[in-house]
Amino acid sequence: MRRPVNGSAHQPAPRSAPRLPGQAWGAAAALAAAALLAGAAPAAAQQGWLSWLGAGIRAVRPALAPATGTDSPDTRADGTAAAAVPRIVITPARPPGPRSSATAEPDGAATLLADRVDLGQGRVLTASGGVVIWFEGARLIAERVVYDGDAGTMAIDGPIHLTEPAKAGSRAETVLIADSAQLDEGLRDGLLRGARLVLARELQLAAAEVRRTGAGRMTTLTHVVASSCQVCASDPTPLWEIRARSVTHDAKTHRIHFDRPQFRAFGLPLAVLPALSAPDPGVDRMSGFLAPRFRTTSGLGFGVMLPYFVTLGDSADVTLTPYVSSSRTATLGLRYRQAFANGATEWNGAISRDDIQTGTRGYLFGAAAFRLPRDYRLGLQVQTASDRAYLLDYDITDADRLWSGVTLERIKRDRLLTARIGRYETLREDEDAATSPGLVGDALWERRFSPAGLGGEAGLQFSAHAHRRSSARDIEGRDMARASARADWNRSWIMPGGVVAAAKAQLDADLYRIRGDSRFDASRARAYPTAGVELRWPLIAHAGAATSLLEPVAQIVWSPTLDEGDAVPNEDSRLVEFDEGNLFALDRMPGHDAVEGGLRANLGLTWTRIDPAGASLGLTAGRVLREHPAQIRSASGEILWGKRSDWLLAATYGGNQGLAFASRALFDDDLDIHRSETRLGWLAPGFQLSAGYLWIDAETEQGRPSDVSELTATTGWQLAQGWWADAETRYDFIADRAQKAELGVTYRNECVSVDLSVSRRFTASDNLRPDTDVGLSVRLGGFGRRSGEAAPGTVARRSCLR
């Protein structure tokens with residue numbers, strides 16, 4: 001059946017006609033071939049040429065882009081009935097005699113879809129009605145395309161939509177929309193009028209005219225309005241916009257240059273600059289200014305931080321941050337980062353002169369980590385500051401002890417090696433640096449294995465510790481070194497009735513070297529074995545889909561009671577905890593210096609309920625019974641001392657609705673609570689909460705001057721669409737005042753992010769004073785990629801009503 005094309009009747013090409021390779025002429029190579037032969041052959045001979053070209057002509061279904069300009073779905077853009085003329089696909093086939101000397105490439109073919117194709121005289125081809133052209137990854141959608149074979153250009157009528165589908169959704173995605181255009185045959189360079197450039201679906205640049213050069217690399221826009229905010233037809237004024245005489249976008253360097261930019265907010269001009277350069281949305285790292293931060297504090301007044309980021313190749317960068325505030329401070333901050341093939345390093349520091357304290361103040365924090373052969377890891381850390389108040393005044397950290405040193409570790413499935421040596425720097429007012437351990441070194445090697453013949457699991461451990469104080473005073477300037485060895489073994493059996501029996505054994509040996517303390521010998525050695533047996537009886541019950549586990553546990557442990565000749569200074573066992581984690585431990589001391597001795601029984605009961613829906617509840621109760629009062633009163637206070645320890649009661653809950661709860665309490669036979677701790681976490685859509693309460697009776701812990709009753713809480717909640725608030729507080733009930741309080745509000749929409757924070761530190765001392773800090777930062781969307789974790793809450797998006 002004959003198909004009418006441009007008023008001439010033509011026979012379709014036979015199915016056996018070979019398809020010739022495409023010529024790499026550009027996106028419109030098919031149009032060029034048709035125009036070339038149409039101009040060279042007389043009208044009467046065109047039927048034979050179309051028969052030859054038929055290898056690349058097929059009737060297809062309607063094109064991807066719907067035809068515009070008609071209200072009836074049964075008519076094409078030119079008014080032709082849809083059923084009369086099918087869509088035409090032209091895939092370029094190589095004509096007799098190449099147009100150029102360029103080597104034809106099979107992947108250089110172009111594909112055209114259109115409602116109508118007209119072959120005119122003078123090598124001119126016109127495609128109209130829902131035109132779609134694909135070439136080398138580019139896709140052009142237009143209403144009408146006129147290709148001039150002599151000039152190698154295309155005149156295009158819009159609406160025009162030029163994209164690269166392979167980059168859709170990526171940071172490199174670029175979309176050009178225009179009313180009309182004059183492009184070259186490669187769809188790269190040319191002139192577009194009434195155009196809009198969209199970068200990474202974030203930044204929009206509307207211009208009266210767009211010119212592309214350099215094979216699509218350089219895009220120059222004139223009379224431009226740029227914004228990443230959504231613009232509605234009913235309310236065309238965006239939240240913010242930048243107007244400029246011209247804008248140049250470099251697709252290779254991903255940089256946008258503005259000429260005479262004027263910044264506007266809510267349609268009102270706020271600032272004018274002679275020039276401005278910014279990264280496009282696809283940039284991760286590029287030299288330039290970062291978002292400024294405005295800060296007001298009680299001590300420093302109003303100030304501005306303006307970071308400047310400098311890339312040093314692909315693997316290093318430096319950020320310089322000048323900070324000036326109300327003539328009270330002149331600060332220069334610095335951050336240096338570098339990545340290596342086997343590690344990375346980061347250094348942060350600042351130097352300041354202010355009127356808070358005389359002289360120069362500052363800090364330096366640095367860290368590095370490297371992977372070494374055979375799975376070893378090497379770490380380096382440097383921390384130093386002129387004073388603790390500096391770290392708080394400039395909102396750096398709340399730390400009051402700093403450590404600098406070197407670490408080495410190797411962790412395998414059945415063995416562990418760690419070593420570290422460094423110096424502690426105390427910033428606490430109640431601590432004397434001369435009498436606090438300054439230089440400290442530790443090393444630990446441990447291996448787990450299954451011994452042949454004995455069964456079960458065994459382990460070997462060797463450790464060493466040494467510390468030195470700078471003071472030469474007796475007792476207060478004590479230095480000590482220790483070398484220790486430990487061997488342990490445990491094995492379990494399942495007895496009749498489901499009872500689980502276990503045997504445990506452990507042998508410790510220590511060698512001490514003590515200097516600067518006249519109460520102890522210069523050298524001291526000791527060895528003490530520990531043995532224990534344990535019985536567990538797990539009982540399981542089912543109630544519907546839920547499963548409950550009740551498990552009573554009884555553990556008998558023996559170790560010798562150390563006499564006066566075995567006593568050593570207690571340097572590493574001062575913070576003793578008694579909880580469900582060590583209720584059934586052979587030794588509850590956290591270090592080596594203090595140990596538990598004598599015959600004792602660890603008794604407890606646990607109950608756990610697990611619901612397949614995701615909820616779980618656990619309860620643990622227990623205590624320790626001793627033959628003789630323990631010798632660990634100086635380390636553990638009242639909670640473990642005596643023939644009967646405090647009662648331990650702990651509860652945990654984890655729900656499937658984001659609620660988690662944990663609480664434990666230690667109390668005596670008179671139900672007087674000595675310690676209690678409760679933690680609560682709740683995560684729900686639009687709400688987050690993390691809170692904790694701690695109570696410590698000072699009489700149960702040696703050296704504590706007063707009780708502890710403290711509440712800490714951090715929460716965040718969705719105020720409205722795009723609005724997120726968070727708060728943090730730490731309240732001391734004994735002092736009846738808050739130690740600190742913070743409140744922050746964040747607003748985010750598709751084009752701007754605003755963070756406002758207010759914090760107050762209430763504590764005061766000889767070197768610290770109460771301080772209020774107010775911070776503000778604003779970031780415009782569409783310039784560079786935001787790093788870090790995703791912010792909580794929703795993003796407000798402008799809805800356009802049609």
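**Close-ups of a predicted model**

With a relative accessibility of 2%, Y323 counts as buried (buried means under 20% relative accessible area, exposed over 50%, and partly exposed in between, using a 1.4 Å probe and protein chains only). Before going further, note that this is a predicted model, where local features need pLDDT of at least 70 and side-chain atom pairs count only at pLDDT 80 or more, while totals for chains, interfaces and linings use all residues. Residues are numbered from 1 along each chain as its sequence is written, and side-chain values use heavy atoms, with hydrogens and water left out.

**Figure 1. The whole chain.** The protein chain holds 4 helices and 47 strands; both are DSSP runs numbered from the N terminus, with helices being H or I of at least four residues and strands being E of at least two. Of its 802 residues, 38% count as buried. Look at contacts (heavy atoms within 4.5 Å) between residues at least 6 apart in sequence, and 48% of them join residues at least 24 apart.

Figure 2. A pair of aromatic rings is described by the distance of the centres and the angle of the planes. Here, rings of Phe, Tyr and Trp (its six-membered ring) pair if their centres lie within 6.5 Å; planes under 30 degrees apart are stacked, those over 60 are edge-to-face, and the rest are tilted. That rule gives a count of 15 aromatic pairs. In one of them, the ring centres of Y323 and Y394 are 6.0 Å apart and the planes stand at 90 degrees, so this pair is edge-to-face. Y323 belongs to strand β23 (residues 316-325) and Y394 to the loop between α3 and β28 (401-411), so the pair ties together parts that are 71 residues apart in sequence. Y394 is buried too, its relative accessible area being 7%.

**Figure 3. Y731 beside F733.** These two rings have centres 5.0 Å apart and planes at 65 degrees, so they make an edge-to-face pair. Y731 is partly exposed at 23% relative accessibility. F733 is also partly exposed, with a relative accessible area of 41%.

**Figure 4. A cluster of rings.** Which residues do ring pairs link into a cluster? They are Y323, Y363, F365, Y390 and Y394.

**Figure 5. Arginines over rings.** A charge sits over a ring if NZ of Lys or CZ of Arg is within 6 Å of the ring centre and within 35 degrees of the ring normal. R420 lies over the face of W403, 4.2 Å from the ring centre. Elsewhere, R536 has its charged end over the ring of F584, at 5.4 Å from the centre.

Figure 6. D387 is found in the loop between β27 (376-385) and α3 (388-393). Is D387 buried or exposed? With a relative accessible area of 14%, D387 is buried. Its side chain makes a polar contact of 2.9 Å with the side chain of S386 (a polar contact is a pair of N or O atoms within 3.5 Å; within protein, one must be able to donate a hydrogen and the other to accept it, and residues adjacent in sequence count only if both atoms are side-chain atoms). A polar atom of the D387 side chain also lies 3.2 Å from the backbone nitrogen of A389. Leaving out residues up to four places away in sequence, D387 touches Q357 and R361.

Figure 7. Strands pair if DSSP finds at least two bridges between them. β8 (residues 138-148) and β9 (residues 153-163) run antiparallel and are joined by 8 bridges, with D148 partnered by T153 in β9. The two strands form a hairpin with 4 residues between them, and G152 in the turn has a positive phi of about 70 degrees. On to the next neighbour: 8 bridges also join β9 to β10 (residues 174-184), again antiparallel. There, A155 stands opposite Q182 in β10.

Figure 8. A disulfide is a covalent bond between the sulfur atoms of two cysteines. The cut-off used here is cysteine sulfur atoms within 2.5 Å, and the structure holds 1 such link. The sulfur atoms of C229 and C751 are 2.0 Å apart. The angle about the S-S bond is 80 degrees, and the link is right-handed. C229 sits in the loop between β13 (218-227) and β14 (240-250) and C751 in the loop between β45 (737-748) and β46 (752-761), so the pair ties together parts that are 522 residues apart in sequence. Both C229 and C751 are buried.
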